[in-house]
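Please examine the sequence and the structure shown below before reading the briefing.

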Amino acid sequence: MPAPKLRVAASRAKSNDTAQAAGTSPSRIELPPYENIALVLQGGGALGSYQAGVFEGLDAAGIMPNWIAGISIGALNTAIIAGNAPEHRLARLREFWQIITQPTFSPPLPDILENAWFDGNSHLRKWLTAMQAADTLIEGQRGFFTPRIPAPLPANEMDPLDASYYDTTPLKATLERLCDFDRINDGGIRVSVGAVNVRTGNLEAFDNTERRLCAEHFMASGALPPGFPPVLIDGEYYWDGGVVSNTPLSYVLGTKPRRDTLVFQVDLWSALGPVPNTMIGVASRQKDLQYSSRTRLITDWMERSQSTRRLVRKLLDHLPEEEFKRSPWYKHAQELACAKRYNVIHLIYAAKEHEGPGKDIQFGPSTMRDHWGSGLADIRESLSHPEWLAMPDDESGFVTHDIHRHAHAERRGKRL
């Protein structure tokens with residue numbers, strides 16, 4: 001299948017400062033006729049502004065997902081995107097991140113000072129980001145969470161809704177101010193967020209095709225213990241879906257009826273990384289592996305499964321239908337058979353040298369803008385390969401693309 005066409009939109013407004021930092025002008029992209037265009041957002045706290053940058057790039061390219069699925073911070077970004085009209089989504093995302101990157105009580109650093117330290121040498125940047133993480137731990141983040149004072153004692157019994165070090169009541173007000181939940185539930189975009197039932201241990205998907213979603217469903221998806229309290233929904237307590245699985249990718253790929261699907265999978269933790277040689281590096285690498293959720297394992301499994309389904313479909317097409325229908329296996333084979341195609345564009349945040357194990361709680365404005373710019377640059381680089389967006393035409397009907405692995409393969413090829 002030929003690659004999608006790139007078309008420059010004459011009416012597109014000038015890029016903002018973040019877009020200019022990424023280096024290229026936005027282009028409109030005409031996609032093949034995928035039935036689902038899904039944006040899948042992993043959890044990762046302060047790293048979530050990387051996802052906002054990816055969304056900005058998709059928006060500039062005219063790519064409009066009809067399904068958004070998220071967990072934890074990915075669920076909060078999902079609420080902001082799906083809960084606003086297309087022309088307001090980027091502005092609301094920016095407003096959300098500008099709010100939650102401010103300290104709860106103390107005044108923020110002046111921008112000129114913070115930017116000078118962030119853009120200075122590596123020692124200044126490490127000191128600044130460590131201070132940002134410390135501020136988060138001490139006083140929380142404005143419009144997001146505040147510390148419980150006094151902090152709960154380890155052995156004291158209490159209401160489960162109070163069993164946490166922080167109170168997320170401010171987040172509810174933020175979501176209800178920035179999101180139109182009638183829009184989220186009107187069926188214009190399919191919305192799915194994952195949370196774990198504390199009592200059963202099962203990961204559950206809150207999906208607007210099955211129930212009406214409200215702020216509590218998104219908060220439940222981001223209720224990471226022991227920092228945040230569980231959220232009570234329909235008599236059950238829920239924690240952050242990342243406790244069990246930090247990405248809803250398998251839910252999106254496995255949903256029936258199956259459809260030709262293009263997925264933009266945006267991960268905040270990389271399973272691929274160096275072997276650490278410091279204790280700080282060990283803690284950081286351990287966290288990467290814990291929350292990366294084995295996305296590559298999911299896509300490898302899905303590729304094998306879809307290859308088998310396509311093979312069954314081809315076999316059924318070559319068998320004498322009238323005779324084969326007499327077999328009890330015919331109905332089962334029909335259920336297994338599937339000729340649909342799946343394309344996963346994988347975007348993974350690449351940790352910076354100055355970041356340590358606390359990178360997911362470094363909520364400073366300068367760090368947020370840096371993450372945002374990285375996401376915008378990565379999606380623009382991905383979209384600069386229009387052939388990656390074509391529907392798969394191989395035997396498996398399933399393909400993945402990843403700019404970082406692509407660049408690594410290119411460098412390795414040049415060395416050889």
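Buried means under 20% relative accessible area, exposed means over 50%, and partly exposed lies in between, as calculated with a 1.4 Å probe on protein chains only. Helices (H or I, at least four residues) and strands (E, at least two residues) are DSSP runs, numbered from the N terminus. The model is predicted, so that local features need pLDDT of at least 70 and side-chain atom pairs count only at pLDDT 80 or more, while totals for chains, interfaces and linings use all residues. Residues are numbered from 1 along each chain as its sequence is written, and side-chain values use heavy atoms, with hydrogens and water left out.

**The chain as a whole**

- The chain contains 16 helices and 13 strands.
- Of the 416 residues in the chain, 50% are buried.
- Contact means heavy atoms within 4.5 Å. Among the contacts in the chain with a separation of 6 or more, 76% are between residues 24 or more positions apart.
- A disulfide is a pair of cysteine sulfur atoms within 2.5 Å. The search of the whole structure finds zero disulfides.
- Cys179 counts as buried because its relative accessibility is 8%, whereas Cys214 counts as partly exposed because its value is 30%.

**Helix H3 and its partner H7**

- Helix H3 (73–82) is mostly covered, since ten of its ten residues are buried.
- The buried residues of H3 include Ile73, Leu76, Asn77, Ile80 and Ala82.
- Two packed helices are described by the angle between their axes and the distance between the axes. Axes are lines fitted to C-alpha atoms, for helices over the stretch in contact, and angles run from 0 to 180 degrees between N-to-C directions.
- The axes of H3 and H7 cross at roughly 25° and come within 9 Å. H3 is therefore roughly parallel to H7, given that angles under 35 degrees count as roughly parallel, over 145 as roughly antiparallel, 65 to 115 as roughly perpendicular and the rest as oblique.
- On the H3 side this contact is made by Leu76, Ala79 and Ile80, and on the H7 side by Leu171, Leu175 and Leu178.

**Helix H4**

- The expected span of a helix is 1.5 Å times one less than its number of residues. The twelve residues of helix H4 (residues 89–100) should therefore span 16 Å, and the end C-alpha atoms are 17 Å apart, which agrees.
- The residues buried in H4 are Arg89, Leu90, Leu93, Phe96, Trp97, Ile99 and Ile100.
- These buried residues pack against helices H2 (49–60), H3 (73–82), H7 (169–178) and H15 (365–383).

**Helices H2 and H15**

- H2 and H15 pack with their axes 6 Å apart, at an angle of about 40°. The two helices are therefore oblique to each other.
- The residues that make the contact include Tyr50, Val54 and Leu58 of H2, and Trp372, Leu376 and Ile379 of H15.

**Two residues and their neighbours**

- His406 lies in helix H16 (residues 403–415) and counts as partly exposed because its relative accessibility is 29%.
- Not counting residues up to four places away in sequence, His406 touches His385 and Trp388. The C-alpha atoms of His406 and Ser382 are separated by 9.9 Å, although the two residues are 24 residues apart along the chain.
- Leu203 lies in strand E8 (residues 203–207) and is partly exposed, with a relative accessible area of 38%.
- Among the residues that Leu203 touches, not counting those up to four places away in sequence, are Val196 and Val244. Leu203 and Asp240 are 37 residues apart in sequence and 9.3 Å apart in space, C-alpha to C-alpha.

**Backbone features in loops**

- A cis peptide bond, with omega about 0°, joins Ile149 and Pro150. Pro150 is in the loop between strand E5 (146–147) and strand E6 (166–167).
- The peptide bond from Lys256 to Pro257 is also cis, with omega near -5°. Pro257 is in the loop between helix H10 (249–254) and strand E11 (261–267).
- Ser72 is not a glycine, yet its phi is positive, at about 60°. Ser72 is in the loop between strand E4 (67–70) and H3, and counts as buried at 12% relative accessibility.
- Asp234, a residue other than glycine, has a positive phi near 50°. Asp234 is in the loop between strand E9 (231–233) and strand E10 (236–240), and counts as exposed at 71% relative accessibility.
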